[in-house]
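Open the structure in your viewer and keep the selection tool ready.

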Amino acid sequence: MSLRVDLLEGGRIAVRTLGVNRLRTVLTLTAIGIGVATLLAILGIIQGLNGAFARQLASLGTASLNIARRPYVVTGDWWKYRNRKQLTLAQMHGLMQQSRLATAVTPEVNEDSRELTSGDQSVSAVDLVGTMADFQKIWGYEVPKGRFLTDADSESERQVMVIGSDVADQLFGPRNPVGETVRLDNRPYRVVGVLAKKGQILGQSMDLVALIPFNTFLQIYGKRDFQIDVATDDADQLDQLEDEVTGIMRRVRSVPPGEPDDFSVNRTQQIAETYKQLTSALYGVALGVGLITLLVGGIGIMNIMLVSVRERTREIGIRRALGARRRTIVVQFLLEASLVSAVGGAIGTAIGLGTAKVVSLVTSLAAAVQPLTVLGGILFAAAVGLIFGIWPAARAAQLDPVEALRYE
Amino acid sequence: MLIRLEDIRRYYTVGTEVVHALNGVSFEITKGEWVAIIGQSGSGKSTLMNVLGCLDTPTSGRYWLNGKDVSGMVDNELADIRNREIGFIFQTFQLLPRETALGNVELPLIYRGLRARDRRERARAALDQVGLANRVTHRPNELSGGQRQRVAIARALVTEPSLLLADEPTGNLDSATGQEIIGLFEQLHRAGHTICLVTHEPTLAARCPRAIRLSDGVIVNDGPGRDVALENRAERARAAAT
């Protein structure tokens with residue numbers, strides 16, 4: 001008898017058996033469904049996260065470098081970086097004069113979690129940045145209302161401020177903030193511009209920011225360590241820019257030849273790499289959890305198939321007596337196991353996708369699932385059923401027809 | 001010659017003891033014969049029936065069925081032989097409870113690889129032959145014992161096998177229904193079918209043209225059904241009474 005007939009007949013029996021043992025079918029479906037749902041929900045959330053992150057990283061400005069005492073991602077000897085000399089404005093001016101590739105250079109200094117007030121409205125957890133005009137170009141900010149900071153603002157230590165869209169919304173609502181006064185650490189600032197919305201990265205708003213002139217910042221918060229942002233027009237020239245900047249910085253900081261750099265040149269790419277490391281760990285955990293759940297489901301299937309084989313011992317005997325080969329019996333039970341699992345996988349996929357969708361609606365995490373993942377979920381579940389069905393199916397096929405016919 | 005057995009032996013190991021279920025059995029059955037195999041329980045007749053039906057392989061000896069030496073065949077070949085050459089009729093009917101009468105009769109044709117339409121046609125014809133043309137869509141639990149056995153006989157006939165192998169076919173039926181089934185066997189015999197009937201009832205075996213009596217795994221008598229089945233006066237008297 002051909003395998004085609006085995007498959008057709010096995011499939012027919014499998015479909016019928018699912019309908020007969022409804023409760024058992026539902027229990028098995030649940031076991032596999034939960035596994036697939038867990039897997040897909042987590043994968044969906046991670047995929048969504050990845051997409052959002054990639055889009056936003058691109059909007060940060062890809063053709064820029066950051067020079068600081070320490071790298072973006074510090075691993076190991078953190079104290080080494082602390083002992084490095086601070087950057088100075090003189091070094092920055094040296095860089096501006098000597099670099100041929102740099103088209104924008106600006107200092108940047110930060111304060112976390114400031115509170116801004118205006119009238120009786122306030123907004124907290126604002127990132128405060130002290131910087132100059134080129135900052136706009138490097139980070140790709142658009143200013144739909146008012147203007148950005150100018151170098152003159154910094155030179156004159158003006159108390160002016162450009163605010164992010166979230167700050168504007170929370171302090172002024174629908175009103176135009178330009179020209180209004182904002183208080184920060186008991187000092188008044190005049191709002192000169194509002195930044196266009198940037199959205200979120202990893203659930204963190206990029207619009208809860210306030211920018212003030214660099215020198216104003218230093219004057220108020222004291223001299224402190226700052227970073228230098230450098231940009232070029234062409235993202236493909238980033239490597240050359242890095243070489244050039246490194247050379248200039250070594251010269252202006254008088255690093256002797258042979259000594260390692262006493263500064264770090266950072267790229268947004270490094271953030272992306274850290275992010276990848278982070279999510280690959282997450283992927284691993286998600287995969288582990290989902291696989292364990294599927295393992296549990298698979299063992300459930302095996303258990304139920306063993307019961308099914310025992311219950312249908314006599315049927316197996318009858319089929320064998322009437323001319324079914326061992327393979328026919330194996331195919332019949334394998335199809336049954338994988339069909340239950342595949343249906344469970346389909347239900348699990350639906351639940352998993354639903355969960356990911358709900359998560360993306362309720363929380364700030366974006367969730368997206370690629371169509372291939374859906375197909376993968378169902379096929380994977382079927383494969384689990386197939387694998388865990390092998391042993392019961394083999395047992396069914398190994399039954400002695402004489403014994404099986406006599407089974408009560 | 002349809003069946004030829006040559007010194008068939010079947011030994012089982014039960015624990016440390018070797019049971020000689022068949023201890024050198026040789027006989028022949030010609031096409032169209034109706035043979036009863038009788039004996040006490042434990043005489044080896046069930047083992048012989050399993051060997052004849054290719055459900056069991058003998059420990060030694062040779063068995064030719066329809067010209068083929070089946071004693072050396074592997075599992076797959078035996079499955080195909082069962083499908084093509086043998087029609088089983090069991091004491092407990094052995095029908096699939098979830099299938100209709102038609103579905104049960106179709107089953108061996110599925111394993112032969114026939115198309116659905118041909119299967120259905122032949123299964124209907126077989127059910128018609130045993131007088132169940134109007135019970136086609138009934139499931140076994142909607143049929144009487146006699147009707148169930150008729151479905152089983154239709155299932156055995158549908159593949160047009162060379163041998164009908166019946167194991168106590170009237171054992172689970174009341175005597176009137178049993179008589180009907182035996183009547184059906186007589187019809188099939190007249191139509192030219194080769195029938196091998198395993199039974200422990202002397203009155204049943206007495207109606208067969210030939211009977212083989214087994215005892216302790218060997219043939220002790222082989223001859224006309226009446227002579228072999230009714231060995232003593234008491235049995236003969238009981239047969240006369242029925």
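A crossing is called left-handed if the near helix is turned anticlockwise from the far one by less than a right angle, and right-handed if clockwise. This is a predicted model: local features need pLDDT of at least 70, side-chain atom pairs count only at pLDDT 80 or more, and totals for chains, interfaces and linings use all residues. Residues are numbered from 1 along each chain as its sequence is written, and chains are lettered from A and ligands numbered from 1 in the order in which they are written.

**Stop one: two helices**

Helices (H or I, at least four residues) and strands (E, at least two) are DSSP runs, numbered from the N terminus. Select residues 326–362 of chain A, helix H12, and residues 371–398 of chain A, helix H13. Their axes lie 6 Å apart, at an angle of about 150 degrees. Axes are lines fitted to C-alpha atoms, for helices over the stretch in contact, and angles run from 0 to 180 degrees between N-to-C directions. Which hand does the crossing of H12(A) and H13(A) have? It is right-handed.

**Stop two: a sheet**

Move to chain B. Six strands form an open sheet there, in the order S6-S7-S8-S3-S9-S10, with mixed pairing. Two strands pair if DSSP finds at least two bridges between them. Strands S6 (86–89) and S10 (218–224) of chain B stand at the edges; each has a single partner strand, so one side of each is left without a neighbour in the sheet. From one strand to the next, the twist averages 20 degrees.

**Stop three: one edge**

Select S6(B) and strand S7 (residues 163–167) of chain B: they pair in the parallel sense over four bridges. Find Ile86(B); opposite stands Leu163(B) in S7(B).
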